[in-house]
Amino acid sequence: MKITDDTDLLVGEYVLGTLESDERAKLEEIAAREPTVAAAIMVWERRLAPLHELIVPVAPPDTVWPEIEKQLPHEDQNSRFRDPVFLEVVQALAQSYKADTAMGLVQRMRRWRSLAVLFGAAALFLAAYLGATLLRGH
Amino acid sequence: MNEPEVRLRDFLDAIAEGDRSALQHLYKRTSDKLYGVVLRILRKPEFAERALSDAYLRIWRDAANYSPSLLPAEAWLVMHARRAALDLARERGLGLDEVAPEQGSEAEEPDPGREIGDDLKHLLTCLATLDADPRLMLLLAYYDGWSRGELAIEFDAPAPTIRTWMLRGLEQIREGTTPL
C-alpha cells in the first residue's frame, strides 16, 4: 500500500505528538499491519530526531532502575541451570568427562534464551556422552 | 560515526539477545537524557519515573527490531521515551494545569546554547521559515508533548485551525529535509 500525502502528514502529527489518545492508538494499529506506514513513521522520526540534541539531561532518582529490573522477565528462574539436579548432572559429567569441554558448553548455553533449544542441546549432550561411555564400555 | 553511537548499538545488539546487564549499562549511559525527555513532557516526577521505566521496558522488548539504517541509536531511544511519555500523558488526559511546571521543577527549557549538529542546524533553518506562532506550537508539541487540544486552549484558536498550522509546518519540514 502506497501511502497518500494526507496519511504521510498524519504520520508526521503522530511522531510530533499532537494526536489524541484514540488517534495515536489507531495509527499504531495500522502501522502494525502496514509496513509502508511503519516505514513512514521511521522517516518522520528521522526528520524530527535532531531536535533531541537540545534536551537538557536530568538525573533520574536511584529508585527507577530497580523498578525496571523487577519487571524484566526472569528467564533464568525457569532455566534448567537453576535446577539443582540438572546442575549436579552437568557437574558430575564435567568431572568424569572432559572438564573444560563440559564447562565451556555450560558457558555457551547460558547465552541461549530459548528453553526448547536449551533442552534439546542438553538432551543431545547427555545422549552423546552416554553413547560415548557405552561404546567405551563395550 | 562517533564512538558513543557505536557503543549504544553494541548494547542494543546484546539486549536483543536478552542480555540484562547490557540494558543496565545502557540505562547508566542514557537515563539522564531520557529522563530529561519524559520529565519535560510530564513535569511531575512520579509520572516521569513511570514513563522512564516504561521506556526502558519498551527498549528491552523492541531492541531486536532496531535497525541503524533507519535511525541513529540515541534517536531511537528518545523515540521510545517520547512514546512512553506521550502515551501516559494522553491516557491520563493530563491537562495543562496538571502538567504545569511545579515550583522548582527540574525540567529545563531546551537549551539553545548546546553545541548542535548539522542536521539540527538544517532543521532549525527550516523551522525559521515558519511564522512565530506555528513554530512555537511545533516546538511545544515536540518538547512538551502538547496535544492539539492543549495548543488550541493556549493559543486561543479552534483545534482544526491549530491542525492546519501544524500540517503546514510539517509540510515545510518534509520539503526541507531529505532523510536517508
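**Notebook: helices H2 and H4 of chain B**

I began with two helices and recorded that H2(B) and H4(B) are roughly parallel to each other. The model I consulted is a predicted one.

Entry on the geometry. I looked up the residue ranges and found that helix H2 of chain B covers residues 20–42 and helix H4 of chain B covers residues 73–91. Their axes come within 9 Å and cross at roughly 30 degrees. Angles under 35 degrees count as roughly parallel, and the pair is therefore placed in that class. I also noted the hand of the crossing, which is right-handed where H2(B) passes H4(B).

Entry on the contact. From H2(B), I listed B:Thr30, B:Leu34, B:Val37, B:Val38, B:Ile41 and B:Leu42. H4(B) contributes B:Leu77, B:Val78, B:Ala81, B:Arg82, B:Ala84, B:Ala85, B:Leu86, B:Leu88 and B:Ala89. Sorted by class, this contact of H2(B) with H4(B) holds 13 nonpolar, 1 polar and 1 charged residues.

Entry on the domains. I then turned to the division of chain B, where domain 1 spans 1–102 and domain 2 spans 113–180. The C-alpha centres of these two domains of chain B lie 22 Å apart. I recorded 7 residues from domain 1 of chain B and 7 residues from domain 2 of chain B in their contact.

Which elements give two or more residues to the side of domain 1 of chain B that touches domain 2 of chain B? I found H2 and H4 of chain B. H4(B) gives the most to that side, with 4 residues. By class, the residues of this side of domain 1 of chain B are 5 nonpolar, no polar and 2 charged.

Definitions and conventions
Residues are numbered from 1 along each chain as its sequence is written. Chains are lettered from A and ligands numbered from 1 in the order in which they are written. This is a predicted model: local features need pLDDT of at least 70, side-chain atom pairs count only at pLDDT 80 or more; totals for chains, interfaces and linings use all residues. Axes are lines fitted to C-alpha atoms, for helices over the stretch in contact, and angles run from 0 to 180 degrees between N-to-C directions. Angles under 35 degrees count as roughly parallel, over 145 as roughly antiparallel, 65 to 115 as roughly perpendicular and the rest as oblique. A crossing is left-handed if the near helix is turned anticlockwise from the far one by less than a right angle, and right-handed if clockwise. Two residues are in contact if their C-beta atoms, placed from the backbone, lie within 7 Å. Ala, Val, Leu, Ile, Met, Phe, Trp, Tyr, Cys and Pro count as nonpolar, Asp, Glu, Lys and Arg as charged, and the others, Gly among them, as polar. Domain bounds come from an automatic or database domain assignment.
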